[in-house]
Amino acid sequence: MTSAPVHILCVVGARPNFMKIAPIMAAALASRTVKAKLVHTGQHYDEAMNDSFFRDLGIPRPDVNLEVGSASHAVQTAEIMKSFEPILLREKPDAVLVVGDVNSTIACALVAAKMGVKVVHVEAGLRSFDRTMPEEINRVLTDQISDRLYLTERIAFDNLAREGIGPDKAVFVGNVMIDTLMANVKKAAPARQTLEKHGAGAEFSADFGLVTLHRPANVDDPEVLERLLRALAEISKDVPLVFPVHPRTAHHIKTNGFDSVIDSPRILRLPPLGYLDLLGLMAKAKLVLTDSGGIQEETTALGVPCITLRENTERPITLTEGTNTLVGRDPAAILRAVEDIRTTGGKAGRVPELWDGKAAQRIVADLASWLGG
Ligand code: UD1
């Protein structure tokens, strides 16, 4: 006799969540053991930040959209909680599954925990040890109230143990974001095509670098932002740079009048790109400069050198095994790191353990036995 499927409510809210939920929804759909419904909080909502990812990654239309939108951290988190509670009362799932570290992650985890519904956290146990980052607060708190924690790298066991979370709740499964990368790398838009579509000049006919910047610590303070933009302008004299600009960053460049700092035919500023366009550029880039967590992992999986413009990373395996170098925000150090990659080709790196495209299948199999057993 086969047992009845278990019901989980999966939550997404912001751009990096979409790449993580896509393979989980697909693996659940392919299984007879786990039935998944999707709740979108609406934290991100634009075509470029939201809709294009659902299309590119074939994520099913959310069963529910809470349409919360942008606001301060407190208001956004509170609005998500208020709107999610009645959904949970109505759906009565066996568990709520949250991914990553955005405000939607902690908001929905907290509602579920208070209602006695089991919480599952995918990408648990990562720590930057920097509590000024909103994501670090979200990670620590979500892990504390989670009943099942899925890990992308083994060091997360140690981080959790230090916070009193034992290995009985945690399972090392690999990296769902890399599941998505592997499933889509062949479908990625050719870099040439994306560059042409956006009017790149002859400067971009050979090597180019890719830049992404959106962390509040890098873009909200005008002094820091200006210094970083000046460093990019300097780098672009040697390597032309493609720079898809996050709405938060675009806002700060505009309001501080920094457009002229990076106004050059060797810096191609683009709107936020869809997944397949960005993946195509990343795969062909000579180097990537970023403050994104996901891109540190994706460049490691692709073997592309990555310079991380942060003082810390919650994903240390990208440094110890991958192609990532933590450089910080000092312009001289950033320029040195670029020069090093241009002369040596950068770190060779290897793909970390279990980053093999099957993490979501492991999660679904474990959920079925944990909740169903
Ligand atoms: C959020 C996440 C961050 C993640 C990032 C990826 C938190 C605390 N932060 O930061 O971890 O790396 O998403 O993008 O959850 N906006 C738009 N269109 C949208 C969404 C936002 O224009 O679809 C603009 C709004 O002006 C908004 C600003 O971007 O105020 C920032 O959005 P928000 O969701 O508050 O934070 P992110 O910086 O995107």
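Colleague: Which ground rules apply, and how is the volume of the largest pocket given?
Modeller: Local features in this predicted model need pLDDT of at least 70, side-chain atom pairs count only at pLDDT 80 or more, and totals for linings, chains and interfaces use all residues. Numbering starts from 1 along each chain, and side-chain values use heavy atoms, without hydrogens and water. A pocket is an open set of points on a 1 Å grid over the protein atoms alone, where a 1.4 Å probe fits, with protein on both sides within 12 Å along at least five of seven lines. Its volume is the space filled by probe spheres set on points joined across faces, edges and corners, and for the largest pocket that comes to about 1,100 Å³.

Colleague: Which residues lie nearest the centre of the largest pocket?
Modeller: Lining residues have an atom within 4 Å of a point. The largest pocket has 46 of them, and nearest its centre lie Pro16, His44, Met49, His214 and His246.

Colleague: From which domains does the lining of the largest pocket draw at least three residues?
Modeller: The bounds come from an automatic or database domain assignment. By those bounds, the lining draws at least three residues from each of domain 1 (6–174 + 355–372) and domain 2 (187–344).

Colleague: Which element gives the most to the lining of the second largest pocket?
Modeller: Helices here are DSSP runs (H or I, at least four residues), numbered from the N terminus. The second largest pocket holds about 280 Å³ of space, and 20 residues line it. The top contributor, with 6 residues, is helix 1.

Methods. Helices (H or I, at least four residues) and strands (E, at least two) are DSSP runs, numbered from the N terminus.
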